[in-house]
Structures are given as structure tokens and as C-alpha cells.
Amino acid sequence: MMKYKIIYTLSILILFLPLQKINAQESDNERFAVFFVPQYIITNGIRADIDFRKAESGSWWVVSPYYYSDGSSSSFLNPSDDYDYNTYTYKKLIGGGLGISRKIFITKNKNKGFYAMLGATYKYFKIDGDNLNYVEYTGDDGLIYYEMQDLEYSININSYAGHIILGHQFNPASRFYIDLFIGFGVKFSEHSSPENVIVKYNRGAIDYGYSGTQFIGGARFGIALF
């Protein structure tokens, strides 16, 4: 009986090992994948990553388009007006951006295992409001004053960021990938308003107009197309 168990086990291993080798070879040959990054939904955004590389290369380019839209009366970064006024309340937000990164796998595999990534991102936001807000104006004496006005206004935000990331990408099923990552970034944002509204969307690291250092972390879920 023991003899047959050994023969059976060896037979399974002999059949299984070539399949593992084929899967690894197929995985290493994949050169184009599309990923979805779900955590951006919290800030009313959508981010999709397009990963691609040259054949026989373990270095990937990652192109990341962003789209933001929010017209709700209350969301995570658009609080409801529970008081007489809230300068961060807006009627509508729309935005977009593009990130470009270079990803290099540290392990022998060309598209799974540990990797390092360096990149930069640009984003633009337009925020429209119709509520009480602080406006800057120059008085007759040449000095700058601030006054609260009830008006329609718009705020434009240009945001620039750079990041360094370490991650681990694994392949639980054929052509399906999960990517977990952490890292560090620096972000700088410029605000402008035709109506001279002075509110800055710089309340924290995930705010639209934040400037400063950032801790970066999250997950990506992707499909290799070829």
C-alpha cells in the first residue's frame, strides 16, 4: 500500500511541476496589463493604471490617468453645511490628471514579486461654489483686506507630486494580479480664483489642494491583456 502511495504522489508531482513552469513562462511573457486602484473612490476619483514593458525586460512603465467628479450635497471632502457657513462646501468639483512611473522588479520574475517604483503626477481641479466665503480685496489705502461674501465663485487647483514606492505584486490566478504597495511622496499645489476666494483645500494629505509630504499606501487589482 505504501508503495502505491509513493508512486501516486510522484505521479502528481511530475504532472504538476511542468504546469507550474508553463504558468511561470506565460506570466513572464505578459507585457501589457490594466489595473484599477479602488481607494480613490473615497475622494470622488477614479484611477486606472496601464502597465507595459518591452519584451525580455523586467522594467515597466506605468501610465495612470485620473478622473474626479462630485456634485453631491455632502461627501467625504465636501461636508454638509451644518452651521451658518462652511467655506469648504461646494456645488461641483471636476478634475483630472496623469501620472507616469517607472517600475523595476527586484526579483527574478519580470512581473511579480517585490518591486521599486519612482514617478510623478500632475492633477487639475476646478471647484464651483455658491455660498459664504472669504474674499481678498485691496482697499483704497492699498492694503489687502478679507471680507466674507455670499457669491458664486470658482477655484482652480494645479497639483504636482512625486513618489517613491515599494510593492509586492502577485498572481493568484491566470492573468489576474494583486498589487500591495507603500511609499512616500511630496506634493505641491497652487490655488487661484477669479473672484479672489481665499479658501485652500489643504486640510490633509488626501485633500485636493494639499501641499506637503505624503504617506502612500494601497492596493491595485489588474488583468494582463497580453
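A: Ala, Val, Leu, Ile, Met, Phe, Trp, Tyr, Cys and Pro count as nonpolar, Asp, Glu, Lys and Arg as charged, and the others as polar. In this predicted model, the lining of the largest pocket has 17 nonpolar, 11 polar and 4 charged residues on that basis.

Q: What makes a residue part of the lining of the largest pocket, and which are the closest to its centre?
A: A lining residue has an atom within 4 Å of a point of the pocket. The largest pocket holds about 700 Å³ of space; 32 residues line it, and Tyr40, Lys123, Ile206, Gln214 and Ile216 are the closest to its centre. Strand S6 (144-173) is one of the strands that supply at least two lining residues, and S6 gives the most, with 6 residues.

Q: Why is Asp51 called buried?
A: Buried means under 20% relative accessible area. Asp51, in strand S2 (residues 45-52), has 1% relative accessibility and therefore counts as buried.

Q: What makes a set of residues a nonpolar core?
A: The members are buried residues of the listed nonpolar types, joined through side-chain atoms within 4.5 Å. The largest such core has 18 residues, and Leu93 and Ile127 are among those that touch the most other members. S6 gives the most to this core, with 4 residues.

How values were computed
Residues are numbered from 1 along each chain as its sequence is written. This is a predicted model: local features need pLDDT of at least 70, side-chain atom pairs count only at pLDDT 80 or more; totals for chains, interfaces and linings use all residues. Side-chain values use heavy atoms; hydrogens and water are left out. On a 1 Å grid over the protein atoms alone, a cavity is a set of points where a 1.4 Å probe fits but cannot get out, and a pocket is an open set with protein on both sides within 12 Å along at least five of seven lines; lining residues have an atom within 4 Å of a point. Grid points are joined across faces, edges and corners, and a volume is the space filled by probe spheres set on the points. Buried means under 20% relative accessible area, exposed over 50%, partly exposed in between (1.4 Å probe, protein chains only).
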